[in-house]
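Here is a quick walk through the model, going from helix packing to the sheet and then to the ligands. Keep the viewer open as you read.

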Amino acid sequence: MIIAVDGPAASGKGTLSRRLASLYGLKHLDTGALYRGVAWLMLKRDLDPRDADQATEVARNFDPEALGSAELRTPTVGRGASLVAVHEGVRSALFDFQRNFGLTPPGAVLDGRDIGTVIFPDATVKFFITASPEERARRRYEELRVQDPSVTYESTLEELRRRDERDQSRAEAPLKPAADAEIIDTSKLTPDEVLARASRLVDNALRDFAKQG
Ligand SMILES: Nc1ncnc2c1ncn2[C@@H]1O[C@H](COP(=O)(O)OP(=O)(O)OP(=O)(O)O)[C@@H](O)[C@H]1O
Ligand SMILES: Nc1ccn([C@@H]2O[C@H](COP(=O)(O)O)[C@@H](O)[C@H]2O)c(=O)n1
């Protein structure tokens, strides 16, 4: 079983994905970490994430050690990730890794921006998790200010809007809900309520699958 979970930054897709994976005994892949990893490797080597050839080269020789970096979740790396993510070469270099991860038993929950539209258009169930920019900025600000007291809510909201715009308007695999995705707005829902809503849909899909035999 493949569960695709897409949505904008800080919408709660990682939280839901981890909980779905645990509930259904599946693996979980945060695909944003791959783009963050490419950006982090480039920044560490003083390379410009806007350079398509260099970004593609780094993605083709991706070093999984990057996924362990403590700097992966910083705003600078997040911004770099959305810059490397526009390059077609980077996206195709990361394609096989994501497909292979999902297709290896026992199946997986993958969260990102293009899982239901590009990576697994044939996913068993697809979700598009969203929330208002203000609520997403509030959540991200609460996380970031623990590490860096100089971060402000206003700068977090501005960066989040800029990232939404870049992710939605790029030519390659833009952020948008798959036509057959269930859209969940988490602005006024607790993580438990989001899980309850999502798992009802997964249970229905599993029931339909069992009936088909
Ligand atoms: N339904 C919710 N209500 C309130 N807070 C939530 C909810 N879901 C997640 N959060 C919190 O919001 C923050 C962002 O959530 P999460 O990391 O799951 O988002 P994300 O969409 O995966 O973000 P990113 O794309 O940047 O990785 C976390 O601190 C998480 O605990
Ligand atoms: N499937 C994906 C996942 C992520 N991206 C890009 O990476 C940036 C960081 O992602 P987070 O989920 O860690 O916030 C994101 O803004 C996207 O630009 C992507 O393109 N496709």
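Helix 1 and helix 9 cross in a right-handed way; a crossing counts as right-handed if the near helix is turned clockwise from the far one by less than a right angle, and left-handed if anticlockwise. Helices here are DSSP runs of H or I with at least four residues, strands are E runs with at least two, and both are numbered from the N terminus. Before going on, note that this is a predicted model: local features need pLDDT of at least 70, side-chain atom pairs count only at pLDDT 80 or more, and totals for chains, interfaces and linings use all residues. Residues are numbered from 1 along each chain as its sequence is written, while chains are lettered from A and ligands numbered from 1 in the order in which they are written.

**Two helix pairs**

The axes of helix 1 and helix 9 come within 10 Å and cross at roughly 55°. Axes are lines fitted to C-alpha atoms, for helices over the stretch in contact, with angles running from 0 to 180 degrees between N-to-C directions. That angle makes helix 1 oblique to helix 9 (under 35 degrees is roughly parallel, over 145 roughly antiparallel, 65 to 115 roughly perpendicular, and the rest oblique). On the helix 1 side, T15, L16, R19, L20, L23 and Y24 meet P191, V194, L195, A198, S199 and V202 of helix 9; contact requires C-beta atoms, placed from the backbone, within 7 Å. By class, this contact has nine nonpolar, two polar and one charged residues. Nonpolar covers Ala, Val, Leu, Ile, Met, Phe, Trp, Tyr, Cys and Pro, charged covers Asp, Glu, Lys and Arg, and the others, Gly among them, are polar.

Helix 7 and helix 8 also cross right-handed. Their contact has residues including Y141 and L144 from helix 7 and L157 and L160 from helix 8, and by class it has seven nonpolar, one polar and six charged residues.

| Pair | Angle | Axis distance |
|---|---|---|
| Helix 1 and helix 9 | roughly 55° | within 10 Å |
| Helix 7 and helix 8 | about 120° | 9 Å |

Five of them make an open sheet in the order 2-3-1-4-5, with parallel pairing; strands pair if DSSP finds at least two bridges between them. Strand 2 and strand 5 are at the edges with a single partner each, so one side of each has no neighbour in the sheet. From one strand to the next, the twist averages 20°. Helix 5 packs on this sheet, touching strand 1, strand 2 and strand 3, and its direction makes about 150° with that of strand 3. Strand 1 and strand 3 run parallel, joined by five bridges, and A4 sits opposite L110 of strand 3.

**Two backbone spots to check**

The P105 to P106 peptide bond is cis, with omega near 10°, and P106 sits in the loop between helix 5 and strand 3. A10, in the loop between strand 1 and helix 1, has a positive phi near 60° despite not being glycine.

**Around the ligands**

Which residues are closest to ligand 1? Of the 16 that surround ligand 1, the closest are G12, K13, G14, T15 and R139; near means a C-beta atom, placed from the backbone, within 6 Å. Helix 1 gives the largest share of that shell, three residues. By class, the shell around ligand 1 has five nonpolar, eight polar and three charged residues.

Ligand 2 has 14 residues around it, with G32, Y35, S82, A85 and G112 nearest. Helix 2, helix 4 and helix 8 each give two or more residues to the shell around ligand 2.

Terms used
Two residues are in contact if their C-beta atoms, placed from the backbone, lie within 7 Å.
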